[in-house]
Amino acid sequence: MKKFILGTAMALALSTAAHAETVGVSMAKFDDNFLTVLRNGMTDYAKTLSGVTLQVEDAQNDVSKQQSQIQNFIASKVDAIIVNPVDTDATTAMSKLAADAGIPLVYVNRQPVNVDTLPDKQAFVASNEQESGTLETKEICRILGGKGKAVVIMGELSNQAARMRTQDVHDVIKTDECKGLEIVEEQTANWDRTQGADLMTNWLSSGIEFDAVISNNDEMAIGAIQALKAAGKDMSKVVVGGVDATQDALAAMQAGDLDVTVFQDAAGQGKGSLDAALKLAKGEKIEKKVYIPFQLVTPANVKDFVAKN
């Protein structure tokens, strides 16, 4: 009887060990509000899973550092890798590293340049960027009645999301309902609040006139708002939009400064990427692209949105 109990205990231990999985995670940048929510969503979810360990690294917005982290994960023989890429144009090399090592890889949030040719055991988890900039710009167009002048603040140009969201803006303006909108300036502020403020200050100093600010993310939109307020501008006469629905953005909206944002479920993307990585590590088949829906947030629904989230 003792031998039977001992054998059963050993079998259970071996079973637990067999299902223990280590996932290496390389985040583009820890010092980013949205990516912090994504990372926390992933780590919090991992704590609810038995036998799952995350090794989370900060690439510090350095492509070379991120590639080294992936190589280290491979050398450590992790069961899967999750990457939030610094440069979405550099993902082909990263995919090859993981594929050659036979280790599953999941890209999260930022669309890899090779998304349509990902090797086996690789996937992409995010929200469809064709929705984000489209929802934002359509709402700004509606508020302005289909006409007016706008400035566009872009994210990092090496980032596919920035390029796609900006293209969304142009696509909406081509429609009959919004062809009265004119883009008078379009520059990057690299997803950064301070750079967004500096860019807006420069535009105001140059005497550029506009009715709306269409920003690729909330951080840059908040920076623009800070610069507008510092210049004494009446915020009721300027429409400002962003993307992400961060806590700071929601506070700005409730204060009457931000008019539009688009909720991108950062925590949901973190959870979804870990689920995808674990399934691939177990040899399960999943979709190459896993999309989590966006949601438009405006002053009309912000109270309900905050209450639910």
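Start with Glu219: at 12% relative accessible area it is buried (under 20%; exposed is over 50%, partly exposed in between, with a 1.4 Å probe and protein chains only). This is a predicted model, where local features need pLDDT of at least 70, side-chain atom pairs count only at pLDDT 80 or more, and totals for chains, interfaces and linings use all residues. Residues are numbered from 1 along each chain as its sequence is written, and side-chain values use heavy atoms, with hydrogens and water left out.

Glu219 and Arg193 form a salt bridge (a Lys or Arg side-chain nitrogen within 4 Å of an Asp or Glu carboxyl oxygen), with the closest N and O atoms 2.9 Å apart.

Next, pick Glu129 and Arg165, whose salt bridge is 2.8 Å, N to O. Glu129 sits in helix 5 (residues 129-144) and Arg165 in helix 6 (residues 160-173), so this pair ties together parts 36 residues apart in sequence. Glu129 is buried at 5%, and Arg165 is buried at 4%.

Stay in helix 5 for Glu139 and Arg142, 3 residues apart, or about one helical turn. Their salt bridge has its closest N and O atoms 2.7 Å apart. Which one is buried and which exposed? Glu139 is buried at 11%, while Arg142 is exposed at 55%.

Terms used
Helix = DSSP H or I, 4+ residues; strand = E, 2+ residues; numbered from the N terminus.
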